[in-house]
Amino acid sequence: MNISEEQLGNQLFKINLSGRMDVEGVGTIETKLSGMTASPRKAIIVDVSGVQFMSSIGLRALLLNAKAVAKRGGKLVLLNPDSNVRSVLASSGIDQLIPICTGLEEAKVKVAS
Amino acid sequence: MCALPSNDALLAASLRQGKAVLGVAGIDGGSRGAPRAPPMRVIGDDPRSSMRRFDAALTNLPELEDAAAGHAILSTDIQYGVVRRVPMVADIGGTVLPSLSLEILRVASGSSNFVIKANGGRIEGVAVKELFVPTQEDGSLWVHYGRHDAARFVSAAKALDGSLDPEVLRHKLVLVGLSGLGLVDFYSTALGERVPGVEIHAQVVESIFDGTTLLRPRWALWLEGVLMLAVGLSVSWLFPRMRARVLMPLMLLATVLLAIGGVAAYANAHRLIDVVSPISIFVVMFGFMLANLLIREEMQRKALESDLQLQREQAAKARGEMEAARRIQLGILPDVESQFLRESRLDIAARMEPARLVGGDLYDCFMLDEHRAFFAIGDVCGKGVPASLFMVISKTLCKSLALRDEAAQVDPGALMRRANLEISRDNPEMLFVTAFIGVLDLRTGEVSYCNAGHDRPLVFVPGSAPRELGGARAPAICVAEDFEYRMHRQQLTAGEFLCVFTDGVTEAENLAQEQYGKARLDSVLSGIDPGATARELLDAVCASVHAFAAGREPSDDLTLMVLRWKP
């Protein structure tokens, strides 16, 4: 798994995830992910277009970080999941807690609200 | 009688006839006046301080001395019983005498003096006319020994009784000496032979004549020192850095080169260089370091072995515990087939296959009362030990909550809400559980259910396409603490199958990393024989998944529960 981040604006960050979010994959990136979503960041877009496989462990990792950001009054959204990942997010009900966006502009809007 | 000349006078007369050289022996202690010596010519500085010194000499009778044409010194130095060097010149009480070999050559060549070439306190060599012999700094010569050659010797007895052919001795340098047994004038040569002293002098004369005298150069000691240092440093530096496989041939080559160098210097250039010392240093150091290395490696190997042994024991223990945990976990899951053996209205089969020794999937099925069957399936996120522990907690909690109320009052939605609260309470790892719980009324065939983020179960009649048990999507338990889970209802037809499963079925991967998928599951289910039992359906699905994923280790726990309502 690979993880990288970009700063899109003042206080607005985009995290790019790619690879398989299974037990091993999550293991390699979870510390970095927590670091990238840590205080004082409040507006975070997680681009998951490069994620080929999402397991329950991957969902948990996203959930933990989203909850942590929300607790601080911030917002985390997911951007461009592929169809497999999207169905996993839907069936697990995660999509009701973490907004899913299909374009960068939509994501910027959602994350600012 | 007194008128006859003395034997000494006769001997003196004989000596006077030919050209004879007499020798004296140097002695320490005593002073007897200066011995007779031939004239010496010095080129360079006064060499007397550098050469071998004796206080005095054991000389011949004066009339014999007068008769001799040459005067030499016979002494040599003996090192551990071996004569290795012979002084070519010696200082006896201030007078310098040449050695027998040098003096013989002087007299034979008709030269009036012998020459010493010295430079700043170091003798460079001696000479007679044009013949220059380089010597060591103290004027001595390393004897270049040949083997004892009996042909050199002529018996004096033959000379005395006249049977010796004079031609044998004509135009030769003849040395007269004593070789009888019991005399002390026998020495060991460097070749290990015991020869009379006179032969040593003869060998020196020969080597001077042939130009094969040996010289140990002045810089030899420096060279040897440098070589030893170089050898020592290179061994100690290279040894830890290079593999023995490379180092050994290198060392061997270096040793051989040194040896060849030493031998070549001796054979071709008549130079004496001690290569044995550097080679010895080599061998000793190398041997020492090798031994050290071997000992250390042995110790390391032993340490590793005992480490490995310890690890094996620990692994075996851990495995034993894990297998016990597996047995316990599988024991917690109900054996639904035997449990419901006597319930004719319900045909049920279930199976959980953990991906590792213990799994994070759960299923449960029990009667709430005589008509209502409660069933549940769940999937803790992750797998292995953490998930399995959480699985046990969830299952236990779920069952106790279900049994708390009146059977008729059991509302899966409310149950899910309560379970969500309870399980979220003590969840430091933030694990979540997807769950599907349902209550089947065996009189009516109605299923009331609630789905928390779980794969939607499939209902179907054999031969037709399976349908999902629908409803609004809800998140898994422990995702949102206060989620309002809702119950849904579905009416089953008689003989309809209900298939609940976890994503270990649909997401089973094969070697090409393809997933088993809903489509395959649908086709297996719809292709089932109408008279099949729940167990047969279960087996068919499991077999299909295993066949698909053949060769790959399971990536997730696989759980399947099949119910068939048979009113």
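What share of the contacts in chain B with a separation of 6 or more comes from residues 24 or more positions apart? Figure 2 has the number. A quick note before the views: this is a predicted model, with local features needing pLDDT of at least 70 and side-chain atom pairs counting only at pLDDT 80 or more, while totals for chains, interfaces and linings use all residues. Residues are numbered from 1 along each chain as its sequence is written, and chains are lettered from A and ligands numbered from 1 in the order in which they are written.

**Figure 1. Chain A and its elements.** Chain A has five strands and four helices (DSSP runs numbered from the N terminus: E, at least two residues, for strands; H or I, at least four, for helices). Along the sequence they run β-β-α-β-α-β-α-β-α. Of its 113 residues, 42% are buried, meaning 20 or more other C-beta atoms, placed from the backbone, lie within 10 Å of a residue's own.

**Figure 2. Inside chain B.** Here we get 14 helices and 26 strands. Chain B runs to 567 residues, 33% of them buried. And the opening question: residues 24 or more positions apart make up 73% of those contacts, a contact being two C-beta atoms, placed from the backbone, within 7 Å.

**Figure 3. Where chain A meets chain B.** Chain A brings 14 residues to the contact and chain B brings 15. On the chain A side, α2 (56–71) and α3 (83–91) each supply at least two residues, and α2(A) gives the most, with six.

Conventions: Buried ≥ 20, exposed ≤ 12 C-beta atoms within 10 Å, placed from the backbone.
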